[in-house]
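Open the structure in your viewer and keep the selection panel at hand. The tour below goes stop by stop.

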Amino acid sequence: MAANKKEVIILAIDVGINSLKLDSDGKTYFEKSKLCASMILRRKIFAESKDYVALILFGSNQTKNHLASQGCNNIEIVTSLGVVTWDLIKHIDSLSPSDITRSDWLNTLVLAADMAKKEIQDKIFQDLQIVMFTNLATDISFDKIDIIARCIQTQRIDLTIIGTDCEDVLRSSVLETFIRKTEATTVSLDSVLPNICNYKLKEVTPRAWNVPLSFGNVFNIKVIGYKKIDETPKSFKWSLCRNYDTPDSITEMNKRTTYSYVDNGEQIEVDHENIIDGFRFGDTIIPVSDLDIQAYSYKSGPRGLQVLGFTKAKNIQRSFLMDGGSYIFKPHKDDIVAFSAIFKAMIKREELMIIRKVYLNDCMPTIGAMFPQIEDKENYFVCVNLPYAEEEHLFKLPSLESFKPNYEEKNAVCNLIDAMDLDDEDDELFIPETTHDPELQYVYDCVAQKAINPDKLLTKTIPEYIQSLLDPPKEMMEKAKQPIDEIIKLFSLQQEISEKSPIEDNNASKFDCDEEVENSKQCVITAFSPIEDFNKLLENGFNSAIVCGKMKNITLDLIESSTSMKDLEKPASNLKALREFYIHDNDVKSYNNLMYLVKDSVLLSGKEEMWSQFIDSGIGLITNQEVEISDITQELSENFMKHEVLEDVAAEFIIDDDDPLKEFL
């Protein structure tokens, strides 16, 4: 069955003098044909394709084919059908044009068809394609056009000619007849290149999830689910090898994890069987054995979808449609009528379904919203995970009621939106279906560079097609220039200079970069005893900038993970220790900069009511009354310590979403 999904693709590239003609952008057909063919093969490799590919050059200085005696001159078969290799890509990238004036593309087509017939006699493939890169500039005889067309149709060959526009073909009645009889597709290189510049992941056939949609103990509807959006991080299958290995000689490496502890300066290894989990609560680490884990593990029961109820679509804000990807659910053929009845009722009432989803037996359940959607006249439910209360952060957002824009200001903003409206673009830019991950594309490009030129350093230049994923289109920004200038003029926009500076240690420049890397590896401050670790590292002569940096990070982490005022006692003690050190070191600026970050960390993590008690722990800003060199006055310090506690944040936090799921109904 796997063989049925393979394709046969024969690439035929014109390398003669005709290919050196300049295109409208100043590049030759030969250059663009090489790039196009190379990208096709690179995409095959990264998609882990098992397709068979062959390469033929016509207009070549060499004649190397099995029909040479029958007039197929200056045609070279570079490789027979086989899986794509990096060597083949290297060969294409290193091609140079010949001085042959006549590139017989029609004889090349005959040769490619005959080659395919002989090499795939007993094999079964899904498709057979011949892709020719030529501008059809050579005058050739079309005496046997009917025989060639019949041969192509008999072998079910899909012929694609890349290099010239359809309008150019239609100017020649003979070429038009040839294209029509062979049912060939003609496209220009400029229209193909943007579509094949992006690498593809390995295609995986979606697995159906057959599951009952349960309405209590009353009845079930059988549905079939498919993963629609997968947020699993994409990565390569990296293998370990020695730094002096070569592509031709790779030593297979195994990776294993060891566990050890230090006793009286001696490192003692512990077997994996003797390792158990431990959870930290405050200053206490509670060990938990496998038996304990089995005892407290939640048993959710059999897999399935359980309907918890229905709610109006307007009750689910966009911010509730959280991560975890999404599923689509279609009806099983046995339950189409029941599925359709519920689907239509939900659309009519503008409601959605709240469900409990258990993907596998006894795995952790999730709560999700399931709403109806119609696409291509097909009805199905879309299921998206919903957050729990612990996962939501509430903020007091500033009101815009006090700002009343005048007509000119409103008009300027409307003009900017019109100028940057992506819906007006023919290519529908930045829609999820066609927008590729720039980070993944850049990694692909770097791997391809290294595979083709293993001895060369990677270039730091980001390819244009990847940069286009990060920047707005140039044409759009040119249209938006006037509205932007108008907005700058009307709103008197100025760059805000923050009073807070990023955390920096003034003594950070006291040590060498190489020493920093080595010292940083050895400098460890644990969450269990941070102050003891901090003081010990300083006593042992570690660089103070590194030690303080580690202390800052562990303190911010403890603040983020805290849930009560008691949890904040440890980070408060850490800050006291840092405060004393910085005062002694006459580096008050580093501490004061840190405290601005600490305040943001406390407030943005929903601990506003704890701020006043936390800051009263003797960790306030260092003022000029304590240390003369400080630029913080007593008044600034007092204002820093203040914060308005929100009595009813939930009541004030109202986002006008205006029925956010309306578009899905």
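Which residues does Gly 16 touch, not counting residues up to four places away in sequence? Select Gly 16 together with Phe 58, Gly 59, Ser 98, Ile 100 and Ser 103: these are the residues that Gly 16 touches. Contact here means heavy atoms within 4.5 Å.

Before moving on, some ground rules. This is a predicted model, numbered from 1 along each chain as its sequence is written. Local features need pLDDT of at least 70, side-chain atom pairs count only at pLDDT 80 or more, totals for chains, interfaces and linings use all residues, and side-chain values use heavy atoms, with hydrogens and water left out.

**Stop 1: Gly 16**

Stay on Gly 16. The residue is found in the loop between β1 (7–14) and α1. Helices (H or I, at least four residues) and strands (E, at least two) are DSSP runs, numbered from the N terminus. Gly 16 has a relative accessible area of 0%, so it is buried. Buried means under 20% relative accessible area, exposed over 50%, and partly exposed in between (1.4 Å probe, protein chains only).

**Stop 2: two positive phi angles**

Select Glu 48, in the loop between α1 (29–46) and β2 (52–58). Its phi is positive, about 55°, although Glu 48 is not a glycine. Glu 48 is partly exposed, because its relative accessibility is 37%.

Jump to Glu 350, in the loop between α9 (336–349) and β15 (351–358). Here phi is near 55°, again a positive value in a residue other than glycine. Glu 350 has 31% relative accessibility, so it counts as partly exposed.

**Stop 3: a helix pair**

Select α16 (residues 544–561) and α17 (residues 569–584). The helices pack at about 155°, with axes 9 Å apart. Axes are lines fitted to C-alpha atoms, for helices over the stretch in contact, and angles run from 0 to 180 degrees between N-to-C directions. That angle is why α16 is roughly antiparallel (over 145 degrees) to α17.

Show the side chains. On α16, pick Met 551, Thr 555 and Leu 558, among others; on α17, the partners include Leu 575, Leu 578 and Phe 581.

**Last stop: the whole protein**

Zoom out. The protein has 21 helices and 17 strands. Of its 665 residues, 38% are buried. Among contacts between residues at least 6 apart in sequence, 73% join residues at least 24 apart.

Key: Angles under 35 degrees count as roughly parallel, over 145 as roughly antiparallel, 65 to 115 as roughly perpendicular and the rest as oblique.
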